[in-house]
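The following dialogue shows how several features of a protein model may be read. Please keep the sequence and the structure in view.

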Amino acid sequence: MWKLEDLETKSILILGLGVEGLSTLKFLRELFPEKTLGIADVGPLELLDAEARRVIEASPRLEPHFGENYLGFLEPYDLIIKTPGISIVRHPEIQRALVADKLTSHTALFFANCPGTIIGVTGTKGKGTTSKLIHSMLKAGGLDAYLVGNIGNPPLPLLRQAGESSIFVFELSAQQLETLRQSPHIAVLLNIVPDHLDHFASFENYVQAKQNLARHQTERDYLVYNPAFPAPRRIADEARSELIPCAIEGPLARGCFVDERQVICRLRDAADSVALDEVSAVLPGSFNLYNVVPAVAVAKLVGLGNGQIIEGIRNFEPEEHRFERVGSFRGITFYNASIATVPEVTIEHLKSLGDDVQTMLLGGFDRGMAFGTLAERIVQSKVRTVILFPETGRRIWEAISAWAVGTSSELPQHFFIDGSAGAESAMREAVRLSYLHTGEGKICLHSPASPSFGVFKNYKERGQLFKRFVRELGE
């Protein structure tokens, strides 16, 4: 664990110049204005985005290492601050730095130097929504709360204003947890299913990274988790912290669970309940209870009252592209969930919308995930058309075909989208087909079950293009 005062005499390399890397560079430059800092990235300087070039050009005393051989410069440095996106298991140079105890991260530096309380939230999906919901409740309670981490807000700059009463709600990705040797005071562990296997090489490595959320907790800390999920249950079995189980179907002898549209909390001597009447307006879909119940548990652990919790729910602003109703056009209702990058989330979306879903947009970048369970759900549903993007579109269709043949079920019709003409052309054609093959009064669901990379830059571009063409073609 590196304290900031220990860094002054160390030679430091910032490895990777994404959002966290640039924030780290700016923070260290302000902290040590005369210190020479190393920076390294696989991309040549001229191909970095404008913001990255601006930050670099404004920072004197840099040792740049750019290009394909950027990992060949790690050895001379005392400390390497790695960006989350660079894999450890796939790069022997970084593995050697880890063994030599020279590897840290923006996240680890913040944990080691934070004077306040950290509430850490992780899981394959839902961690952003849960983090925002907890933060909204804490703000409604008048607490000095900050929302940081994978949600897009690197926290190191906030150390200047943080005090002992500050509370940081930290959305933590598996990549941020990977090298962490401290755990938050309150850890919220949502479900874990296969994802990011290109980064971690195996599901077990991915789970091990997630386990760092609770691995270093003590008996004075709390772990909020759902015992119905296998990976979180296994992690909880090995934790030393006080366990706070959560369930969307009760009852639990101790913990938080849903019963008749209210969350029942049995954390201490007496039971308490929070009405859920406000939830469906801001967080539609029963699957969102997997986010709401842990958030209520955290709010109760920090001492918030029911009124403050409900106000936090009312004030919550849903994130774009996370199961949003785009609107009804030509009698068809369109839903956008572009951030759905794993099959399990798409299954929950399909369950929530029920038999009115007639058309689905699926597919994207291939991370080696299995689509059998999703295929089974689609074959058993009323979905009659699937529109499939590369690369996983063909594998999804193969899984659907196999299930249909195995159960003598009727196959939905399918259309493969050609991504070679670019993102706009691909999405426009997908939405055009949706209008042609979705009946009045029915639903078209865009929940791809795959990452966006390849045809689209990211899930935001994918979702924005979907909504744009839904409106344009609907008119």
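Predicted model: local features only at pLDDT ≥ 70, side-chain atom pairs only at ≥ 80, totals over all residues.

Q: Which residues of helix 13 are buried?
A: In helix 13 (residues 343-353), the buried residues are Pro343, Val345, Thr346, Ile347, His349, Leu350 and Leu353. Buried means under 20% relative accessible area, exposed over 50%, and partly exposed in between (1.4 Å probe, protein chains only). Helices (H or I, at least four residues) and strands (E, at least two) are DSSP runs, numbered from the N terminus. An α-helix has 3.6 residues a turn, so residues three or four places apart point the same way.

Q: What do the buried residues of helix 13 pack against?
A: They pack against strand 16 (332-336), strand 17 (357-362), helix 14 (372-380) and strand 20 (443-446); contact means heavy atoms within 4.5 Å.

Q: How is the packing of helix 13 and helix 14 described?
A: Two packed helices are described by the angle between their axes and the distance between the axes. Axes are lines fitted to C-alpha atoms, for helices over the stretch in contact, and angles run from 0 to 180 degrees between N-to-C directions. Helix 13 and helix 14 pack at an angle of about 20°, with their axes 9 Å apart. The two helices are therefore roughly parallel (an angle under 35 degrees). The contact is made by Pro343, Thr346, Ile347, Leu350 and Lys351 of helix 13, together with Thr373, Leu374, Arg377 and Ile378 of helix 14.

Q: In what order do the strands of the open sheet lie?
A: Two strands pair if DSSP finds at least two bridges between them. Here six strands form an open sheet in the order 15-16-20-17-18-19, with mixed pairing. Strand 15 (324-329) and strand 19 (413-416) are the edge strands, each pairing on one side only. Strand 17 and strand 20 run parallel and are joined by four bridges. Met360 stands opposite Leu445 in strand 20.

Q: Which strands do helix 13 and helix 17 lie across?
A: Helix 13 lies across strand 16, strand 17 and strand 20, at about 165° to strand 17. Helix 17 (residues 459-474) lies across strand 15, strand 16, strand 17 and strand 20, at about 15° to strand 15.

Key. Residues numbered from 1 in each chain as written. Heavy atoms only, no water. Parallel < 35°, antiparallel > 145°, perpendicular 65-115°, else oblique.
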